[in-house]
Amino acid sequence: MPWDVIIFYMIGAVCVLSAAGVVVANNPVHSAIFLVLCFFNVAAIFVMLGAEFLAVAQIIVYTGAILVLVLFVLMLVDPDDLPEFHAARPVQRYVGLLLGLILLLEVGVAILDRSVVGRRAVADQQEFTQIVDLVGGNTQALGRTLYTQYLLPFEVISLVLTVGVIGAIVLALPERLGERLYRRRGTISLGHPRGTDLALPAGPVGESPIAGPTPGAEVVPGGYGRRLIMARDPNEQPVIGRR
Amino acid sequence: MGEIGVNHFLFLSAALFIIGMMGVLIRRNILIIFMCVELMVTAANMSLIAFGWELNSLQGQSFALFTIAVAAAEAAVGLAIIIALSRRVRTPVDVDEMRTLRD
């Protein structure tokens, strides 16, 4: 058995096993680590296929950026907010396994039965390798293809990335940011406790309710006669009318 | 099986894709589902590169590069949605219970 076959089977076995580990691991952090392992092996497969640039891009983009992002989100999200790890109903589990097996059968038949319809760029592998080497390597050849044949899709994909990042920032922006600014401004100009007006019985969702006016205090709602209190700390509660 | 052919890579890619699909169907943790989707995208990438390798062309690799970029954008938006959900919804984020994206 030649060496490349042995290496392929080793890499493929680790790849499939770590992918299975992603699905069955109890801890989401373990899933992420398994996914990193799987992606490293996929990068090795890419190297075997002669796509060196994509192998490096795979490692940088997936394990370097996306998986770190996933780990950040894992740390940010409260683990109690996520459902029980194997909380799927048994019906769901069996249906999932059955559908997977059926799809595996179909894809296996399709792969073994297929006939490639397509134009070969160069007749044989050796000549293709020579052409790529003539340009200077896989990265240079890919760059030439991207900037000549696929120039417009390349620009469009940069637009997609920009819009995606802006959308992500807008989605993840905390709601309370605006409210905190509002409260601080109100503290300076109004003479009410915590700077809020009377008609605010409860705070935003998940926070403690805002304290109403202290009992016995004479507060004129909306009037002009209240004292102006300059509070340095927005959470400081000035006592009005009682001392 | 002396020589290594494109079918080997296609079967490996199919195995990865199906494992990812099973993960999406079986698990209910939204982050695991997200990682399984990434796994499926990577499997599709491997198919593209394998076909390009068989046809001696660079088109497969170009398409795989575009796919990686789209997957990166999808990851950013998906994780932002997860953060927004966990911030707004007080109950546990269960993918079976999620029906709306509004408050």
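**Exercise 1. Find where pLDDT stays under 50 in chain A, and decide how to read those residues.**

Solution. This is a predicted model. Start with residues 195-203 of chain A, where pLDDT stays under 50. The model has 17 contacts beyond four places in sequence for them. Next take residues 184-193 of chain A: pLDDT again stays under 50, and the model has 23 such contacts. Now apply the general rule. Where pLDDT is low, predicted coordinates should not be read in detail. Finish with the whole chain: the mean pLDDT of chain A is 77, and 65% of its residues reach 70 or more.

**Exercise 2. Describe the side of chain A that touches chain B.**

Solution. Count first. In chain A, 75 residues are in contact with 63 residues of chain B. Then locate the contributors. Elements giving two or more residues to this side of chain A are α1 (3-24), α2 (28-48), α3 (52-76), α4 (90-113), α5 (125-135), α6 (138-148) and α7 (151-172). Last, sort by class: 57 residues are nonpolar, twelve polar and six charged.

**Exercise 3. Trace the largest nonpolar core, then zoom in on B:M35.**

Solution. The core has 61 residues. Those touching the most other members are A:V22, A:L35, A:C38, A:F46, B:M35, B:L39 and B:I49. Assign the elements next. At least two residues each come from α1, α2, α3 and α7 of chain A, and from α1 (6-26), α2 (30-54) and α3 (59-88) of chain B. The largest share, 13 residues, belongs to α2(B). Now zoom in. Leaving out residues up to four places away in sequence, B:M35 touches A:V22, A:S31, A:A32, A:L35 and A:V70.

Definitions and conventions:
Residues are numbered from 1 along each chain as its sequence is written. Chains are lettered from A and ligands numbered from 1 in the order in which they are written. This is a predicted model: local features need pLDDT of at least 70, side-chain atom pairs count only at pLDDT 80 or more; totals for chains, interfaces and linings use all residues. pLDDT is the predictor's confidence in each residue, from 0 to 100. Two residues are in contact if their C-beta atoms, placed from the backbone, lie within 7 Å. Helices (H or I, at least four residues) and strands (E, at least two) are DSSP runs, numbered from the N terminus. Ala, Val, Leu, Ile, Met, Phe, Trp, Tyr, Cys and Pro count as nonpolar, Asp, Glu, Lys and Arg as charged, and the others, Gly among them, as polar. A nonpolar core is a set of buried Ala, Val, Leu, Ile, Met, Phe, Trp, Tyr and Cys residues joined through C-beta atoms within 7 Å. A residue is buried if 20 or more other C-beta atoms lie within 10 Å of its own, exposed if 12 or fewer, and partly exposed in between; C-beta atoms are placed from the backbone.
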